[in-house]
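Here are my notes after a pass through the model.

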Amino acid sequence: MNHKILSYIHQESPIHRLTGAAKLIGFILWSLIAMITYDTRILVVMFILGIMIFLSSKVEFRYISFVFYIFLLFLFINNIAIFLFEPMQGVEMYHTKHEILHIIGHYTLTAEQLFYQFNLTLKYLTIIPLALLFMVTTHPSEFAASLNKIGVSYRIAYAVALALRYIPDIQRDYQNISLAQQARGIDLSKKQKLTKKLRYASSILMPLIFLSLNRIETISAAIELRGFGSQKRRSWYHERPFTKEDYLAIMLIILLFVFSMIITFLDGNRFYNPFR
Amino acid sequence: MRKPVIEFTNFSFHYRTQSSPTLSGINLTIYEGEKILIIGPSGSGKSTLGHCINGLVPFFYPGEISGSLKIFGKETKKESIFKLSSMVGTVLQDPDAQFIGLTAAEDIAFKLENQFVPQEELFESVNRVADLVDMKEHLESTPQDLSGGQKQRVTLAGSMIDDVNILLFDEPLANLDPATGKIAIELIDRIHKQTGKTTIIIEHRLEDVLHGEVDRIVIIDEGCILADLTPNELLSSNLLIDTGIREPLYLTALRYAGCTITPMLKPKSLKTLNIEVNKTKLHAWYESVGYAEKKQKNDVLLELKNIHFGYSKTKEIIKDVSFKINKGELLSLIGKNGAGKSTLAKLICGFYLPTAGEILYEGENLIEQSIKERGDHIGFVLQNPNQMISQNFIFDEVALGLKFRGVADKEIKDKVFHALKICGLYELRNWPISALSFGQKKRVTIASVLVLGPKLILLDEPTAGQDYKHYNEIMEFLWNLNQQGITIIMITHDMHLMLEYTNRAIVISEGQKIREDEPANILADEDVIRLANLKETSLYQLANKADFFDQRDFVKRFIHFDRRTRQL
């Protein structure tokens, strides 16, 4: 219980040394490339790069393994669902049809569909490890400062920090309320009918909501008493100034972005087509 | 000439949401460098008075102001909350909710961050004030890693980081265990002496605050200032009894002994109190009051046998705890925050399963039973009634557990009425819960647990944050409930509650049971007091000072006499 899933882990590595803002900019551009392009060559390169970046951070895989496996499971289900709902998507996209295996009715496995879903999976696999890495290598307080630095209003940025701060407290409230209500006879196990379960859930949620509203009142009073919102700008205790490494990292990612976009759109569309 | 820093002149305030004014006709001047205690029962308006000084009134809680309030010569209603916060630093009651930062350092820096102070200055200032409150070692700690007392220190550092001239503490003791509360008062005292800042403390725990120095005490009752006196003058008057604030216990003992308390005796603390003149009277009183040991039946209701518990195998939170609870007992479970008291309660209720050991209820092993099944034998009442109440009307709230169990409507009605009668709520059964006081809500939650027919009720801090009147109301109710045969276990920090109401106490420290005895004996054991962050009550010190040979016996006789006197 002591180690919270996906919380910041302090370590010494080039990735940890980068400021939160640099990582955030890098991650946004990286995700943009992966979302826009369907060029398998770029995706493969990024996938390998992603693994290398992950390794260089010295973050042990076991810290994120749980979330990662859950994500893999979702990816698997997602792939099956795509095939069930859109078995001919690949054919439509690549304008050719190489049948591999006829299954049943209009369900035919084609090389195009496989390739399309392979690309899709690769996109996820380039983004997810870095998203997880961003979370475990960025101190939550620095995260708010980073959001502010890239132009998000400090009120919104601080709201994010406050959410991170109070989530454990609310979880604890929830647990206490839920246990006390279970002692009074609420049964939230799977045996219950859904309608009953919803009615039961309200007897936990109502106190939780009122308690949280009270907490919000105290927090708002406390932050006003300490001058939150009095100025147009605020400074951040945990903000770190940009170093050479940060500029270098951002330049590299911009280069990667431009380069990927050129290659992607060179032949007129987003899709790399090996079937032509 | 002393320089006035806070001046109320014919000041009144009326919250927009209230039907009548909360403060009326306040005239009060506080001078530079003074240390003032503002006391009053719950709902007297003392917190509102504090809000007026820090600007929460009228800028956060809107309402109608008449008359004038000047801070450093400036009319507050023409200023802003930000302007006022640069003159007044506030520490609110709840150390948890007001801890805003993800780490201690950020929380301390928060006020300066908002003033857009450059980062290097932030580091410097944070180090300086963290040093002042002894928190320099914990700057990178998260709120989850800090104790209540430490969080409060962080907040104090954060509120004085920009050199405010006035420090305002709104019920600083409400959420702290006794020893931590004592340290907090000492810290406030030290900072007042070191910095000379004008200090205002709002509290109803008078005796605990008087552990430190106070220049003046202001009593607020029903929105008006009832008195503005030095501690010695106030304690010699009858004003405290009239307003329902508990006077220091050593003074109650002196009054029982027929002594007249005058400012000449210097009653403001036991250290200054002149006991010599009243010693004979006190000894005579001691000889005159008898006291009978209550006989306990040893009929075991609940037994814990070698209970172990931990989230992981390497770190045990509960280590080999065994004890028995007899039928009809009123027992307290004490120890410092985080010692494992709540965990033990949760183990008894089945919220957690022990890693080893047995829990027997009337000889039957409870381990196999689900939370719900145990709910029929053992009721659990959370500290804050708002954590349990989910219905709008009293009847529905009390009936909820029975409805979950699928009991027939007719039977529900009978059982609920019965529980409401026991809890003195029958006349209110159709009231909306929102119209009830804190104590009444507490009774609703107890009724809603009682209705399931448990023989044992566990209460987590039943009187935390309550003034003397509500404390009395809740405790007398629990005592009556106990007289009707319900066994009660209370988790508490209140040493006098333990002495006054419970016949036995179990002390937990670092997950182990370190003592199990009559409360009066526990508070005579210095080792236990130190290990469990307890505090002996001033009655022991009084007995010591007046040369009583058996201090425990003195305390027992006092409690016995006091209970009889108050019940008349």
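Which residue in the turn of the hairpin formed by S14(B) and S15(B) has a positive phi? It's Glu362(B), with a phi of about 50°, and two residues lie between the strands of that hairpin.

Some housekeeping before the points. This is a predicted model, where local features need pLDDT of at least 70 and side-chain atom pairs count only at pLDDT 80 or more, while totals for chains, interfaces and linings use all residues. Residues are numbered from 1 along each chain as its sequence is written, chains are lettered from A and ligands numbered from 1 in the order in which they are written, and side-chain values use heavy atoms, with hydrogens and water left out.

1. Helices (H or I, at least four residues) and strands (E, at least two) are DSSP runs, numbered from the N terminus; two strands pair if DSSP finds at least two bridges between them.

2. Strand S14 (residues 356-361) of chain B pairs with S15(B) over two bridges, in the antiparallel sense, and Tyr361(B) has Glu364(B) as its bridge partner in S15(B). Strand S11 (residues 300-309) of chain B also runs antiparallel to S14(B), this time over five bridges. There, Leu302(B) stands opposite Tyr361(B).

3. **The six-stranded sheet.** Chain B also has an open sheet with mixed pairing, in the order S16-S17-S18-S13-S19-S20. Strand S16 (378-381) and strand S20 (512-517) of chain B sit at the edges with a single partner strand each, so one side of each is left without a neighbour in the sheet. On average, neighbouring strands here are turned by 20° against each other, direction ignored. For angles in this note, axes are lines fitted to C-alpha atoms (for helices, over the stretch in contact), and angles run from 0 to 180 degrees between N-to-C directions.

4. Strand S19 (residues 504-509) of chain B is antiparallel to S20(B), with five bridges joining the two; Val507(B) pairs with Arg515(B) in S20(B). Helix H18 (residues 468-483) of chain B packs on this sheet and touches strand S13 (330-334), strand S17 (456-460) and strand S18 (487-491) of chain B. The direction of H18(B) makes about 145° with that of S18(B). Contact means heavy atoms within 4.5 Å.

5. Two spots to check by eye. Val57(B) and Pro58(B) are joined by a cis peptide bond, with omega about 5°, and Pro58(B) falls in helix H2 (residues 56-59) of chain B. Phe72(B) is not a glycine, yet has a positive phi of about 50°; Phe72(B) lies in the loop between strand S4 (63-71) and strand S5 (74-75) of chain B.

6. **A helix pair in chain A.** Helix H2 (residues 20-36) and helix H7 (residues 140-149) of chain A have axes that come within 8 Å and cross at roughly 65°. Gly20(A), Ala21(A) and Leu24(A) from H2(A) meet Glu142(A), Phe143(A), Ser146(A), Leu147(A) and Lys149(A) from H7(A).

7. **Domains.** Bounds come from an automatic or database domain assignment. Chain A splits into domain 1 (1-139 + 240-276) and domain 2 (140-237), with C-alpha centres 31 Å apart. Their contact takes 13 residues of domain 1 and eight residues of domain 2 of chain A. Chain B gets domain 1 (4-244), domain 2 (248-289 + 537-568) and domain 3 (328-353 + 367-535). In chain B, the C-alpha centres of domain 1 and domain 3 are separated by 32 Å, and each of these two domains puts 13 residues into the contact.

8. **The chain interface.** Chain A contributes 56 residues and chain B 60 residues. About 5,200 Å² is buried between the chains, with 60% from carbon and sulfur atoms; buried area is the accessible area (1.4 Å probe) that two parts lose on being put together, summed over both. On the chain A side, Arg184(A), Arg226(A) and Tyr237(A) lose the most area to chain B, together 21% of what that side buries.
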